[in-house]
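Here are my notes, as numbered points. Please read them beside the model.

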Amino acid sequence: MKKHFLLSICLLSIFTLSAQISPGELSNAHANLEGVSNCTNCHTVGNKVTNDHCLACHPEIRSNQATKKGYHGSVDVMGKNCFACHNEHHGRTFRLINFNKKTFDHRKTGFELKGVHATLDCQNCHQAEHIANVKLKQKRSTYLGLNKNCLTCHDDFHQGNMSSNCLECHRFDSFKNPKAFDHNKTHFPLLGKHKTLNCKECHKNELVHGKIRQGFKNLRFANCNACHQDVHDNKFGQNCKKCHQENSFTSIRNDSVFNHDKTDFPLLGKHRLLECKQCHQSGNMTKPLKHGRCSDCHQDITHRGEFAVNGKSPDCAECHDNNGFLPSTYTVERHNASAFKLSGAHEATSCMTCHYKEGNWHFRTIGKKCVDCHKDEHQGLISEKFYKQATCTECHNESNWKTVSFDHNQTKFKLDGKHAELACKACHYAKNDRGEIVQKFEGLSTNCNACHTDEHAGQFEVDGKTDCARCHQTSRWKDSKFDHNSSRFKLEGAHQAVACAECHKLISTPKGTFVEYKFKDIECSRCHQ
């Protein structure tokens, strides 16, 4: 009875002591350390929990702090007591790792969340399958054990064919867009059209070990024909860059070493400015082209066979060169050998003036006579005798139209004196009833009063005509050749000294005011009282 009592007292003492020493149950993570005998695993006798005890069981954290990596190696954690964040004896279900996922600053771990990573849930990355450490891998929940290597979480799409550091080419916003990769640092800088290509057009997918990967290494690029078909069938060699450039395969380099002059068709004049495809339309530069005549490439839309003889036109090169359709190389000397010799003003006249009418060129059908090009100003006004077949050169010359060489003595009215000094229009141009200037040649009267006003009011008119030449001459009107002694009244004696105006006075009649020369009678009493 006494023994049983003592045993009960001892057991009660032990339980009472244990209740006094332990403040509560440990969490599930440390449940294996429950009991008085395990206290010193974490506690120092007479002292609280020390970091050394914690780190002894958590070497991965000790390693992070030693290398100053991860969150526990950051300045926010280094130097703090572990129990400040992870304290125990709050029961089995107590969360030792307790922080706000939404406000946690991931940069403190040494891995800033950028791009798509910033939108992920923690569990997307913090999974056992991504942890290399076997001990940590066995834990049901942990945020430790990950590294910053992309391949920790992501499959190696390139299967070891590229660097394991994905950031050398890719960014966090999109794996499909390798913005960081600088192709110009490779042995094949991207130039011209190559810059706009999608990577897959050159770096094609391939099946390796049952998986798809994109090929980047060991690509052939020494020659263009590694990717492009040689349309010349190696007739110009394999160095396409001798003639072509990356901006456009269809345009030839300005410094191209291909010398077209070595062919049987040297490029001259405007031919040098043409794109190759304008002549080599098939794209095959070595395919023979007809080039013996201009018409092999150029359509005759200008002359339309006008110069054809027996159905065959002369070659354009007879009148034109490669510098342009205009000016023509057809010389004045060649023109003078034709049916129409150029002289005078015609020699300085542009070809277009005569040969380009109503939007078309004409050469052999424009005529040879003056009136074929020039308006016939005298049509129906000059007798055929003086204007044979409307030939202007009967009176005019090609140097100066205003210079007239017509011999007026061929007509019934010989030009002498002042008449010879007059311009043609003084007699042959006049105003009609409507005030229009009109020409007068054919049928023009030779009477003096046809052009001149009869100042004598018809006193000397005979049969309706006044012959001024009986008294006047064309050289000087005022010098009269009238001989008074041939009249009815001869001048004799004192009459010889009398001024004309003493006898021939100014009178006014219904015909007008004029000097009276002819008297009805010549009696002395007419003048003397």
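Where is Cys 448 found?

1. Cys 448 sits in a loop, the one between β8 (437-439) and β9 (461-462). Bear in mind that this is a predicted model. Cys 448 is partly exposed, since its relative accessible area is 25% and buried would require a value under 20%.

2. Which residues does Cys 448 contact once its neighbours within four places in sequence are left aside? They are Thr 466 and Cys 468.

3. On to the hairpin. β11 covers residues 506-509, and β12 covers residues 512-515. The two strands pair in the antiparallel sense, over four bridges. Two residues lie between β11 and β12 in this hairpin. Thr 509 has Gly 512 of β12 as its bridge partner.

4. How many salt bridges does the structure hold? The count is eleven. Three of them are taken up below, starting with Glu 34 and Arg 92.

5. Glu 34 and Arg 92 form a salt bridge whose closest N and O atoms are 2.9 Å apart. This pair links distant parts of the chain, 58 residues apart. Glu 34 is in the loop between α1 (2-21) and α2 (51-57). Arg 92 is in the loop between α3 (59-67) and α4 (122-125). Both ends are partly exposed: Glu 34 has a relative accessible area of 30%, and Arg 92 has one of 27%.

6. Lys 108 pairs with Asp 76 in another salt bridge, with the closest N and O atoms 2.6 Å apart. Lys 108 and Asp 76 are 32 residues apart, and each is in the loop between α3 and α4. The pair is still one that links distant parts of the chain. Lys 108 is partly exposed at 34% relative accessibility. Asp 76 is partly exposed too, with a relative accessible area of 29%.

7. Is Glu 421 buried or exposed? Glu 421 is exposed, because its relative accessible area is 59% and exposed means over 50%. Lys 418 has a relative accessible area of 45% and is partly exposed.

Terms used:
Residues numbered from 1 in each chain as written. Predicted model: local features only at pLDDT ≥ 70, side-chain atom pairs only at ≥ 80, totals over all residues. Heavy atoms only, no water. Pairing = 2+ DSSP bridges. Salt bridge = Lys/Arg side-chain N within 4 Å of Asp/Glu carboxyl O. Buried < 20%, exposed > 50% of the residue type's maximum accessible area, 1.4 Å probe, protein only. Contact = heavy atoms within 4.5 Å.
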